[in-house]
Amino acid sequence: MTLEPFVDPLPLTRTLQPKERFKCFTYYEVTMKEFLHNFHSNLPNTRVWGYEGEIPGPTIEVTQGECVHIKWINDLPDRHLLPIDHTIHGSGEDMPNVRTVVHLHGAEVEPESGGHPEAWFSRDFAQCGPRFAHTVYKYSNNQKPATLWYHDHALGITRLNVYAGLAGMYIIRNEQEDSLGLPSGKYEIPLIIQDKSFNEDGSLFYPRTVDNPPSEFPNPSIIPGFVGDFIVVNGKIWPYLEVEQRKYRFRILNASNQRFYRMRLDSGQPFVQIGSDGGLLQRPVTVDEITIAPAERVDVIIDFSEQPVGSNIILTNTARTPFDFGAPPDPNTTGLIMQFRVISREGTDESQVPKFLTTVKRFNESESKRTRDITLDVTQDRYGRLMFMLNDHMYIDKITENPMLGDIEIWRIINSGIAVHPIHIHLVQFQILDRIPFDVEAYNLKGQIRFTGDPEPPLPGEQGWKDTVQAFPGFVTRVIMRFAPYIGRYVYHCHILEHEDYDMSANLR
Ligand code: C2O
Ligand code: CU
Ligand code: CU
């Protein structure tokens with residue numbers, strides 16, 4: 001199937017209005033529904049799932065410190081849209097096929113509202129998982145203003161539920177940020193990037209199993225990672241956006257299952273990155289290229305004021321899949337993300353990008369109470385399939401990560417494999433200390449780490465708050481964080497969703 005790029009305009013996400021505003025909290029209801037969505041003018045409608053019947057879900061915008069209560073309602077059918085592998089943990093035949101739980105990614109949130117994978121619920125809360133606590137989730141939003149996102153997290157089927165469409169953006173704002181004068185209103189645009197594949201009839205395609213599966217594989221069977229043939233931004237395939245000759249702020253989220261994007265503008269102009277996962281950077285950084293892993297967010301300013309009216313600028317992708325050793329994208333299809341069409345400016349551009357954005361207080365290594373090693377492992381299951389793990393444990397194994405409330409810890413993420421894994425930790429925003437190359441061969445033989453070079457500092461765009469970090473192969477990636485302000489059960493995991501489901505996820509208490 002081929003589809004022409006840059007045919008449809010970029011849809012702008014809608015901001016969800018609360019159902020009620022009370023004195024001390026705001027109340028929302030968000031319903032998950034099955035519906036038909038059009039991904040491209042030349043493609044028949046596609047049956048999908050979405051929050052409030054939208055793809056992506058509506059954007060939720062809150063003020064720092066505003067207490068928000070959300071009732072997440074599952075009104076989905078009983079049958080799943082996509083093939084379920086019942087052999088993987090938490091996804092047995094005895095489970096309701098359609099079960100959901102909403103996680104607010106990047107939020108500092110109490111455990112009962114954290115969207116733990118075992119807190120799932122089926123339609124009308126008829127059946128609930130062992131960690132289900134309540135129907136209305138509470139978000140205190142006591143954290144830095146940031147671009148967060150909400151998505152499904154049900155144990156064993158997260159990859160399918162998110163791919164079916166259950167994802168949306170959540171923005172926390174405050175006065176300090178508003179006073180900076182950054183581009184705002186219609187010049188501040190969320191971009192939610194995903195990749196999808198379709199059958200000829202327009203229905204969503206997700207592989208039942210790997211290509212040429214050995215006979216012993218179950219069917220359906222989980223695959224090591226999904227990549228789609230089409231790049232979708234805000235629900236349209238390769239859309240275009242008319243931009244005035246001025247500055248724009250784009251909050252970019254990679255909500256893909258496995259695909260990384262290495263983004264550039266084909267006009268040769270740079271991005272001015274102002275924020276990362278957990279909020280603004282201390283100072284803007286100018287970069288020609290940004291690599292965004294699944295679940296990461298980058299907040300960028302693009303200045304079109306020097307671009308001639310009538311010029312078309314393409315946001316391109318050169319990231320290989322699996323990242324960063326697999327096949328490069330096709331420059332005519334998956335190497336394209338979207339297009340900007342420059343038109344003349346309405347009025348003057350009053351926006352600015354201050355040299356100083358906000359204070360990012362760096363943790364000091366000496367404050368750390370404990371250093372933990374987290375190994376990224378791959379093994380084979382009883383069918384001979386790849387299974388990914390953390391610390392050589394499966395998800396159901398005992399909890400070994402149990403920091404004390406308020407403690408600062410350093411985690412050393414040890415990647416002796418060949419792929420980059422985006423590792424995400426719930427509850428906290430962390431800082432990246434460095435990445436240190438080590439002798440992988442010696443490590444695999446003796447289990448000892450011998451560093452082979454100097455620590456590499458985080459990239460300029462990674463020097464703020466992060467909740468997801470690219471753990472490079474052959475490197476020990478060190479992050480530092482404080483475990484607060486809640487106690488309870490959370491998880492951490494790889495955000496390649498096929499890895500997360502099988503079985504690169506662990507509890508954190
Ligand atoms: Cu974005 Cu545990 O998730
Ligand atoms: Cu998360
Ligand atoms: Cu992974």
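Two strands pair if DSSP finds at least two bridges between them, and I take helices (H or I, at least four residues) and strands (E, at least two) as DSSP runs, numbered from the N terminus.

**Ground rules.** I'm working with a predicted model, where local features need pLDDT of at least 70, side-chain atom pairs count only at pLDDT 80 or more, and totals for chains, interfaces and linings use all residues. Residues count from 1 along each chain as its sequence is written, chains are lettered from A and ligands numbered from 1 in the order written, and side-chain values use heavy atoms, with hydrogens and water left out.

**Copper.** I went to ligand 2, the copper ion, and found His103 (NE2) and His424 (NE2) as its protein donors, lying 1.8 Å from it. The two come from distant parts of the chain, 321 residues apart: His103 from strand β6 (residues 102-105), His424 from strand β26 (residues 421-425). Donors here are N, O and S atoms within 2.8 Å of the metal (3.2 Å for Na, K and Ca); water is not among the atoms, so the site may look incomplete. Both histidines are buried, meaning under 20% relative accessible area with a 1.4 Å probe and protein chains only (exposed is over 50%, partly exposed in between).

**Strand β26.** I checked its covering next: five of its five residues are buried. His421, Ile423 and Ile425 point one way, Pro422 and His424 the other. I then looked for partners. β26 runs antiparallel to β28 (residues 468-471), with four bridges, and Ile423 has Val469 as its bridge partner there. β26 also runs antiparallel to β30 (residues 490-494), with three bridges, and in that strand His424 is partnered by His493.

**Cores.** A nonpolar core is a set of buried Ala, Val, Leu, Ile, Met, Phe, Trp, Tyr and Cys residues joined through side-chain atoms within 4.5 Å. The largest has 86 residues, and Trp72, Tyr170, Phe250, Met263 and Phe340 make the most contacts inside it. Strand β22 (residues 336-343) gives the most to this core, with five residues. I noted a second, separate core of 29 residues, including Tyr492 and Ile496.

**Open sheet.** I traced five strands in the order β24-β23-β25-β29-β27, with mixed pairing. β24 (386-390) and β27 (431-437) are the edges, each pairing on one side only. Inside the sheet, β23 (residues 370-380) and β25 (residues 408-415) pair in the parallel sense over seven bridges; Thr371 stands opposite Ile410 in β25.
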